[in-house]
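Here's a quick walk through one protein model, written for someone who likes to know the cut-offs. Have a look at the sequence and the fold, then read on.

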Amino acid sequence: MEDVTADMNANSRYRSTGEPQLDKAVQRWLSWDKNPSTRAQVEALLAEGHLEDLRTRLCSRMSFGTAGLRAPMGAGLQPHQRPDRDPVHAGLALVPVQVFPRPAQQRRGGGLRHQRPGGERLQQPAVGEANGCGDAQQGRSRPSLLHLRPHPVCAVCGEEAGGSGGSDDHCVPQSQRRPTATREVLCCVEEQLEPWSSSCWDEGLAETSSLRTDPLAPMNHCYMEELTSLCFHRDLNRRCPLKFVHSSFHGVGHDYVQEAFRTFGFTPPIPVPEQKDPDPNFSSVSCPNPEEGQPVLELSLLLAEKEGAPVVLATDPDADRLAVAEKADGCGWKVFTGNELAALLGWWMFSNWKDAHPDPAEVRKVYMLATTVSSKILQTLARAEGFNFEETLPGFKWIGTRIQELTQAGRTVLFSFEESIGFLCGSCLLDKDGVSSAAVVAEMASFLHSRNLTLKQQLDNIYQAYGYHLAKTSYVICKDPPTIKSIFNRIRNFGGQGSYPKTCSGVQIVHVRDVTTGYDSSQPDLRSVLPVMRSSHMITFTLQNGLVATLRTSGTEPKIKCYAEYCAAPGDSDVTRLEEELRRFVAALLDEFLEPEKNKLTRRHL
């Protein structure tokens, strides 16, 4: 490292904040930063006296959350920098060597998805170039992707070539997936307190370095080859009369969904032209999240009406999540929830597996996975069909870890999901994949069409056979952490010290699971099978009438979320009554356990 004393002396002309620790942090940053744009941000904050903003940026560092290391791009240690200039990324670069010292071809890569202030994402070629600069500075040879690519292809890159794959700084195998590895990763990050050297400001270094390689073409080929294992009816797909519309939501999914359809034997879907190409400003949508449903799918639905396409597929900007809409009978569109799509995909994957494996004994080695706040429909399918189902904590990293463990033990994981439209068919990746899921849904729709069925009709068939699973998500806003703590303390001592509630809305609670404390009344030893998470609150109640509800604090927002589901018995098809019972139960749960009026909580529904 260079001696920065001279630079710090040169920066002493800037006004003092009146706080010695903050002054030191400001001087240190200005001694590092040679980027005019980010340097100007700090200088402006200093000149205008925005001390709280300076403290946030310069006196603390990013930390792992549910979704990895997430932050806007900008000046300081809390925002992201270009990977080659950021001390955090410098620390992450040490992880494959120090934490997982295996040959490069065996390592799973890390992932960097960068976002500029105001939601504008750094284009992937710039990310790849910056990674290449960092490797060249340190004398490392590592694949550095210099093209736009979606999250699933990044995962293939990480798994197959030791490259900079993945997303959201979920770097290296299980770095976010097991507590020990997370601590080791954080140690590497903390060791790297400043950028590598002045050479990191040489933006042309990656272009001239002999250490840089670009493995995009072989990685794309590898990914598409993996998709063939998910295609069951290629001949039928080639004859499919259905049209499909696809929106990539101003992201990177267009080329890959087109190629995935060709891999399955389909004519590629019709793209929404306004949303086909990457646009970091997401100029045609109010929110670049297809989970928001019909309001953000307006252009897709209009194009589908014009083209006579009965199915709309929408991948989010990095193409790891998938929304699906289908033309409803008569008029309008049915936008499927994540839980409904999971029911369809779970049924589809098991039906095709079963056709290929007539031996009933083989089913005992088959698994499906879901996060604990997602629908219990896979659990119901598993009980009826004889395969295994497991829950994980929220976040696909937990699912990825379990897939890895099961496949290494010789088990088959057919399907995994989280309710926020994140799906993984098969187990060739360890993360959700909107690209392959789009092709699988298209094949399912084509197959059902050949049987004179729609996706919605098949969903109803599944619910008739296994019981309706109706879900409702709501939340309350609470910006006072002590109030949140008090609410959950009251729940844990509802009927006296250490006694959880026994009823809700007059219905008996048969099981309580509290992963914050590690308690689970359904287990013989009263210990939760899921890992303990003391950093947040999450309590699940199972009621005698088939209702299941989870109260959970958000890791990123001042919210207490409520995920509720009515798991009805097969044959109970009075949906209107079931929906009304679910609505009344959720209202009662919030009133009895959270006391919104007393605690001045603001109610919201999703």
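How many of the nine residues of strand S18 (residues 559-567) are buried? Eight of them are, so to speak, under cover, and the strand is mostly covered.

## Ground rules

Before going further: this is a predicted model, where local features need pLDDT of at least 70, side-chain atom pairs count only at pLDDT 80 or more, and totals for chains, interfaces and linings use all residues. Residues are numbered from 1 along each chain as its sequence is written, and side-chain values use heavy atoms, with hydrogens and water left out.

"Buried" stands for under 20% relative accessible area and "exposed" for over 50%, with "partly exposed" in between (1.4 Å probe, protein chains only). Helices (H or I, at least four residues) and strands (E, at least two) are DSSP runs, numbered from the N terminus.

## The whole chain

The protein chain has 21 helices and 19 strands. It runs to 606 residues, and 56% of them count as buried. Its accessible surface comes to about 25500 Å², with 49% belonging to carbon and sulfur atoms; the areas come from the Shrake-Rupley method with a 1.4 Å probe, and for residues only the protein chains shown count as cover.

Contacts here mean heavy atoms within 4.5 Å. Take the contacts between residues at least 6 apart in sequence: 66% of these join residues at least 24 apart.

## Strand S18 and its partners

Back to S18, which pairs with strands on the DSSP criterion of at least two bridges between them. Strand S12 (residues 469-477) runs antiparallel to S18 over nine bridges, and strand S17 (residues 547-553) is antiparallel to S18 over seven bridges. S17 and S18 also make a hairpin, with five residues between them.

Tyr563 is a handy landmark in S18. Thr473 stands opposite Tyr563, and Thr550 stands opposite Tyr563 as well.

## The mixed sheet

Another sheet is open and has five strands, in the order S4-S3-S5-S6-S7, with mixed pairing. Strand S4 (270-271) and strand S7 (333-335) sit at the edges with a single partner strand each, so one side of each has no neighbour in the sheet. S3 and S4 pair in the parallel sense over two bridges, and His246 has Pro271 in S4 as its bridge partner.

The loop between strand S3 (244-247) and helix H12 (254-263) holds His250. This residue is not a glycine, yet His250 has a positive phi of about 60 degrees. His250 is also buried, with a relative accessible area of 4%. Glu595 is another non-glycine with a positive phi, in this case about 45 degrees; Glu595 lies in the loop between helix H20 (575-594) and helix H21 (596-599).

## Nonpolar cores

A nonpolar core is a set of buried Ala, Val, Leu, Ile, Met, Phe, Trp, Tyr and Cys residues joined through side-chain atoms within 4.5 Å. The largest one has 121 residues, and Phe244 and Phe415 have the most contacts inside it. There is also a second, separate core of 13 residues, which includes Leu45, Leu46, Leu54 and Ala75.

What does Phe415 touch, not counting residues up to four places away in sequence? The list includes Ala342, Leu345, Met349, Tyr367, Leu378, Phe423 and Cys425.

## Helix H4

Helix H4 (residues 51-58) has Leu54, Arg57 and Leu58 as its buried residues. Seen down the axis of H4, these fall within an arc of 75 degrees, so they line one face of the helix; the arc is that of the directions from the helix axis to the C-beta atoms. Helix H2 (20-32) and helix H3 (36-47) are included in what covers them.

The C-alpha atoms of Glu52 and Leu22 are separated by 9.9 Å, with the two residues 30 apart along the chain.

## Cysteines

The structure holds zero disulfides, a disulfide being a pair of cysteine sulfur atoms within 2.5 Å. Cys504 is buried, with a relative accessible area of 0%, and Cys240 counts as buried at 17% relative accessibility.
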